Amino acid sequence: MRERQNVQLEGKHILLGITGSIAAYKAAVLCRMFKSAGAEVKVLMTPAAKAFITPLTMATLSKNPIAVEFYNPENGDWHSHISLGEWADLYIIAPATANTLAKMAAGIADNLLLTTYLSARCPVAVAPAMDCDMFAHTATQANIATLKERGVLILESPEGELASGLHGKGRMAEPEAIAAAVGEMFAAAEKKKSLQGKHFIVTAGATCEAIDPVRFITNGSTGKMGYAIAEELAARGARTTLISGPTALAAPCGTQRIDVMSAEEMYRASIEAFADADGAVMCAAVADYTPAEVSPVKIKKGEGDLVMRFTRTHDIAAELGKIKGGRLLAGFALESDNETANAEKKLHSKNFDFIVLNSLRDAGAGFGHDTNKITIIDRSSHEELPLMSKRNAAAAIVDKIEQLIK
Ligand code: CTP
């Protein structure tokens, strides 16, 4: 009978890589935990790892033959790193030595464990294990940072007693902590498909209102918040149309971007895309006024002041609010005073289902920052969130969308 586990890994294919570290004995416990949680496990070892734990132990626990070399010298049987990488839903290297982390960061492929890393298409995780001085070395930290940047999940080394007798950071994370993190990773991946079949539009960035062929009026919105929301919606499986003013940002993976300049262009694109959408998130900082006349030639300076007349643009959010029916509509309010009252007024006047309030008085919130401090206000509740990355703020906003469209 299978042991009771909190972590659910039923049917998952886990490729466990073991490198030459004294912590290799923990890989045996980890392998058992994965098996008990319902996963199928295959084990890869570096030649150095065999000095710390035997292939026999790992083969017995994983119930699969162990691969160390590129081929079996007895019968020439080829161990395909490609098919191992394709088989796996997760490739986890635990323990991962400083040497292996460095080779992974540099793309060196001098053993089967590393060639499999380079060809794996599945998520990859590493649990570093080494002495505290090696762990703290700039080279190791830079290698870990590089791998993290490339999307490798780093299972953090806790502080504690090390095999060398020293005390510090560098020991391998405990198998329980690793198994829990792996369980969370799979749960998060499943959550990501939660908006499959839905279509959302997101407006983002600033609009540019032309004065003449070389001048325009705009504002400081960088589009970061809207892009983060579009990215999150797409990651959860939604078809995502991102209607964006000019920005330096790249279109997030999986989104369809429509580039616009003026409020009028954003209005037209939004009305068109909303026709078959399940909802819209209005993040753009849209100009409320546009020059009444655009000069076809560059305006020359004169002696006196320049007086210009402006006309009102469409309030895109309010227009969508009028036609939304049962669809979801969310907006933003960037306020400098009377924040909550102003946001609530916009919630009602634009027929939003919820509004995300940013206060210019909060440090780290608003235009340009990578962080945001938001309050999510709907018709019956206020949820004030702490300062967080725009990515996490986007996840909280998309969680709210999911709650409301169910
Ligand atoms: N919005 C819009 N079209 C506009 C103006 C605003 O879609 N022409 C949307 C924004 O994307 C945001 C919400 O309406 O989701 C509130 O925008 P904000 O600029 O805070 O409010 P305004 O309605 O422009 O009011 P004011 O500038 O007077 O505060």
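Trainee: Which of the 37 residues in the largest nonpolar core touch the most other members?

Mentor: Those are Leu-16, Ile-18, Phe-34, Met-58, Ile-92 and Ile-178. A nonpolar core is a set of buried Ala, Val, Leu, Ile, Met, Phe, Trp, Tyr and Cys residues joined through side-chain atoms within 4.5 Å. Among the elements that each supply at least two residues of this core are strand 1 (13-18), helix 1 (24-36) and helix 8 (175-191). Helix 1 gives the most, with seven residues. (Helices are DSSP runs of H or I with at least four residues, strands are E runs of at least two, and both are numbered from the N terminus.)

A word on the model: it is predicted, with local features needing pLDDT of at least 70 and side-chain atom pairs pLDDT 80 or more, while totals for chains, interfaces and linings use all residues. Residues are numbered from 1 along each chain as its sequence is written, and side-chain values use heavy atoms, leaving out hydrogens and water.

Trainee: Why is Thr-116 called buried?

Mentor: Buried means under 20% relative accessible area, exposed over 50%, and partly exposed in between, with a 1.4 Å probe and protein chains only. Thr-116 has 0%, so it is buried. This residue is found in helix 5 (residues 112-119).

Trainee: What does Thr-116 touch, not counting residues up to four places away in sequence?

Mentor: Its partners are Leu-15, Leu-44, His-81, Leu-84, Gly-85 and Tyr-91. Contact means heavy atoms within 4.5 Å.

Trainee: What makes helix 4 oblique to helix 7?

Mentor: Let's start with the angle. The axes of helix 4 (residues 98-106) and helix 7 (residues 138-149) cross at roughly 50° and come within 9 Å. That angle makes the pair oblique: under 35 degrees is roughly parallel, over 145 roughly antiparallel, 65 to 115 roughly perpendicular, and the rest oblique. Axes are lines fitted to C-alpha atoms, for helices over the stretch in contact, with angles from 0 to 180 degrees between N-to-C directions.

Trainee: And helix 4 with helix 5, at what angle do they pack?

Mentor: They pack at about 40°, with axes 10 Å apart. Helix 4 and helix 5 are therefore oblique to each other too.

Trainee: Which residues make the contact of helix 4 and helix 5?

Mentor: Thr-100, Lys-103 and Met-104 of helix 4 meet Leu-113, Leu-114 and Tyr-117 of helix 5. By class, that contact has four nonpolar, one polar and one charged residues. Ala, Val, Leu, Ile, Met, Phe, Trp, Tyr, Cys and Pro count as nonpolar, Asp, Glu, Lys and Arg as charged, and the others, Gly among them, as polar.
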